[in-house]
Amino acid sequence: MPEQSKNVLGPVTGGCQCGAVRYQLTAPPSEVVHCHCSICRRAHGALFATAGVYDKGAVIIDNSKDLLAAFESSPGNQRLFCSRCGGQLFLMVGHWEHQIFVVLGSLDSGQHPGHERANEKHIFWESRVAWYDPCDDLPKVEGIGT
Ligand SMILES: [Zn+2]
Ligand SMILES: [Zn+2]
C-alpha cells in the first residue's frame with residue numbers, strides 16, 4: 001500500500017456537512033467507483049459521485065442513525081442522507097445484502113479510504129457529461145463494467 005494511503009491513527013472518519021451524522025470506517029473498501037450515472041449526478045448535484053464499497057460491518061454510524069433520511073432512487077436502492085443538511089452519505093443496493101456504499105467526498109479532510117489504486121475506476125462512463133473529462137488513467141467502463 002502506498003505511503004499516502006495509510007491512516008496511522010485508527011479508523012477513517014467522515015460525516016455530513018452539518019456534523020449531525022458521523023461515521024467511522026474500520027476497514028478499507030474493496031473497490032472505489034466514480035459513478036457518472038444520471039441518478040448519482042442529480043442526487044449529488046455533481047458531475048459524478050465517488051463511493052467506496054464496504055462490508056456493512058466495517059461502517060459504524062455514531063449515534064445519529066435517526067437523522068438519516070432515505071430516498072429510493074431506483075427500485076431497491078436506498079440513498080441515505082442527512083435530514084438536516086441534505087449531505088449524501090450512503091447507498092444501499094437491494095441485491096447487495098452485505099455491502100454498503102459510502103460517499104467518499106464525505107470523509108474528513110486528510111483521510112484516505114486506504115484502497116489500492118488498482119481497485120478504482122469510473123463507471124457508467126457512457127452517461128458522463130460531454131463537457132468535462134477527468135483526464136486520469138483509471139479504467140472507464142459502461143454500466144458497472146461486468
Ligand atoms: Zn447534516
Ligand atoms: Zn451512479
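Guide: Start with the sheet. Three strands form an open sheet in the order β1-β2-β5, with antiparallel pairing. Strands here are DSSP runs (E, at least two residues), numbered from the N terminus. Two strands pair if DSSP finds at least two bridges between them. The edge strands are β1 (12-15) and β5 (59-61), each pairing on one side only. Direction ignored, neighbouring strands of this sheet are turned by 25 degrees against each other on average; the axes are lines fitted to C-alpha atoms. Between β1 and β2, which run antiparallel, there are 4 bridges. Thr-13 stands opposite Gln-24 in β2.

The model is predicted: local features need pLDDT of at least 70, side-chain atom pairs count only at pLDDT 80 or more, and totals for chains, interfaces and linings use all residues. Residues are numbered from 1 along each chain as its sequence is written, while chains are lettered from A and ligands numbered from 1 in the order in which they are written.

Now the core. A nonpolar core is a set of buried Ala, Val, Leu, Ile, Met, Phe, Trp, Tyr and Cys residues joined through C-beta atoms within 7 Å. Buried means 20 or more other C-beta atoms within 10 Å, with C-beta atoms placed from the backbone. The largest nonpolar core has 29 residues; Val-102 is among those that touch the most other members. Strand β2 (22-25) supplies at least two residues of this core. The largest share, 4 residues, comes from β9. Beyond four places in sequence, Val-102 is in contact (C-beta atoms within 7 Å) with Leu-25, Ala-51, Gly-52, Tyr-54, Val-59 and Phe-90.

Definitions and conventions: Buried ≥ 20, exposed ≤ 12 C-beta atoms within 10 Å, placed from the backbone. Contact = placed C-beta atoms within 7 Å. Axes fitted to C-alpha atoms, helices over the stretch in contact; angles between N-to-C directions.
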